[in-house]
Number of protein chains: 2
Amino acid sequence: MTPNPTAPAIRIEAALDAAITRVSTAESPPQLASALRYAVFPGGARVRPKLCLAVAQACGDDHPAITEAAAAAIEFLHCASLVHDDLPCFDAAATRRGKPSLHMMFGEPLAVLTGDALIVLAFDGLARAGARAPRRLSGLLSALVRGVGMPTGIVAGQAWESEPFTPVETYHRAKTGALFVAATTAGALAAGADPTPWRAVGEQLGGAYQIADDLLDALSAPADCGKPTGQDVALQRPSLVRDLGVHGAYERLKACVASAVAAIPACDGAKGLADLVRAQAMRLTPQELARSAA
Amino acid sequence: MTPNPTAPAIRIEAALDAAITRVSTAESPPQLASALRYAVFPGGARVRPKLCLAVAQACGDDHPAITEAAAAAIEFLHCASLVHDDLPCFDAAATRRGKPSLHMMFGEPLAVLTGDALIVLAFDGLARAGARAPRRLSGLLSALVRGVGMPTGIVAGQAWESEPFTPVETYHRAKTGALFVAATTAGALAAGADPTPWRAVGEQLGGAYQIADDLLDALSAPADCGKPTGQDVALQRPSLVRDLGVHGAYERLKACVASAVAAIPACDGAKGLADLVRAQAMRLTPQELARSAA
């Protein structure tokens, strides 16, 4: 029997729910409490927290509460970035995950505040869980900070869209790759393992995911992915599909997934993790491409 | 000779500058790096970080790096809230600290991202300094989180402005008081002291500051305080001046300051701290009131 037989998806949903429930008290402003829940549930694929949890499991997962706090923190930071990205001053997206985007539902002020509150909630959960594993806390926090903040996290990635010249690799690494690196390294750190070998796994997966996202944006109808598509061209954002073409981009995606799998260090959970990586990568591929690649 | 003879103001400015310089690298998006600096320098009165540092000094300040990280974190969170509060969807303020507000200077996207990046930077600095004092880190983080997040921190306070009914005490405690409580309790925690007796000091000072802010808003010309005034009436926000009148509000302010001073627990730095509190409270009072009260 493994130490944590509960299915990863259940652990993640429970951790997210518990964190939001904890901060939704009689003293909370009711709409912000509702908006927090709206931003997080129902979720997307939960790719990043699943990856975080899978790495922690591969490294022993000896402190489940801190693993779950790390996985939840990664997802909260991701949801925060989605809510702020959808704002009228950025993508002005009317839908997200198949329903009205948060600012369409709750208004722009609560959308700004929801993103802020989700960032804080990410650190909140880690601080609480970390009280019983203080020597892991600083490293975990730093892994999260690198994934989301300046100079190379999501916020920096988003800020490159306001620059007259955007270096495409730096932009993608920050906007997408950084949180994947945070997910793998935080998974290792939560289990008390050395995060160093897990960086490359996150980097390659982030690269694969960014290409999959560009492909989805270029090829899908909005109904298939629950948000507006064709945005990269419309907003003149760098896109590997534009640079390499559909076929070239898909070849690059497959190479990234292979590199990610090859980078997984020897550990008990290596095979399961490799399977998860391949399954997630396929799931993100537009159906047309998945079929042509079958 | 005291262990930290450097003047508090110098320690605070140096800590803020070092943190921003550290995340402004060759890889940073240049405008976001500039915007971070613009949001933080030149500063206002730095009331909250000075309070944090003064409490830490009163408690021994045996780990100056973590004290400075805590004080800087408090100020970064405060600056983040100012940048987001000034956005068009909230106060739509064109000026702040006597210069164009951040979104007027850098545009709305970078203003949203600057607030986000400042929140992350607050936790970043603590995580770094906390690596060498791991047993203080979790408590410090939780003190910050309570000051800024849900259910009763700044973000919650701001969210009450979107509610049809706003309980005025809850709103003020969250929007203003919470970060003062974070400042006093984080100061104690940074020095390894029990934060409990310091909560009341922060609460009373937060109350005093809120009244001072309401008085400034009601009585000053914009040129005197570097931001638009008359906003409470214009935006129909709760205000103690509206509820109690100018005289009543000023009496309440003085009572809060007296309660804050009375709540300072016995410690070496008690007298210096009481002097600081009184000086800061006077500084925040509109000149007209200060003169009439002299």
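Predicted model: local features only at pLDDT ≥ 70, side-chain atom pairs only at ≥ 80, totals over all residues.
Residues are numbered from 1 along each chain as its sequence is written, while chains are lettered from A and ligands numbered from 1 in the order in which they are written.

A:P197 belongs to helix α10 of chain A, residues 196-219. Its C-alpha atom is separated by 6.5 Å from that of A:P265, which is 68 residues apart along the chain.

Chain A as a whole has 15 helices and two strands, taken as DSSP runs numbered from the N terminus (helices H or I, at least four residues; strands E, at least two). Its radius of gyration is 18 Å, close to the 19 Å of the globule rule for 294 residues, so chain A is as compact as a globular protein of that length; the radius is taken over C-alpha atoms, and the rule is 2.2 Å times the number of residues to the power 0.38. Of these 294 residues, 59% count as buried.

The contact between the chains takes 52 residues from chain A and 52 residues from chain B, two residues being in contact if their C-beta atoms, placed from the backbone, lie within 7 Å. On the side of chain B that touches chain A, α6(B) gives the most, with 16 residues.

Definitions and conventions: Buried ≥ 20, exposed ≤ 12 C-beta atoms within 10 Å, placed from the backbone.
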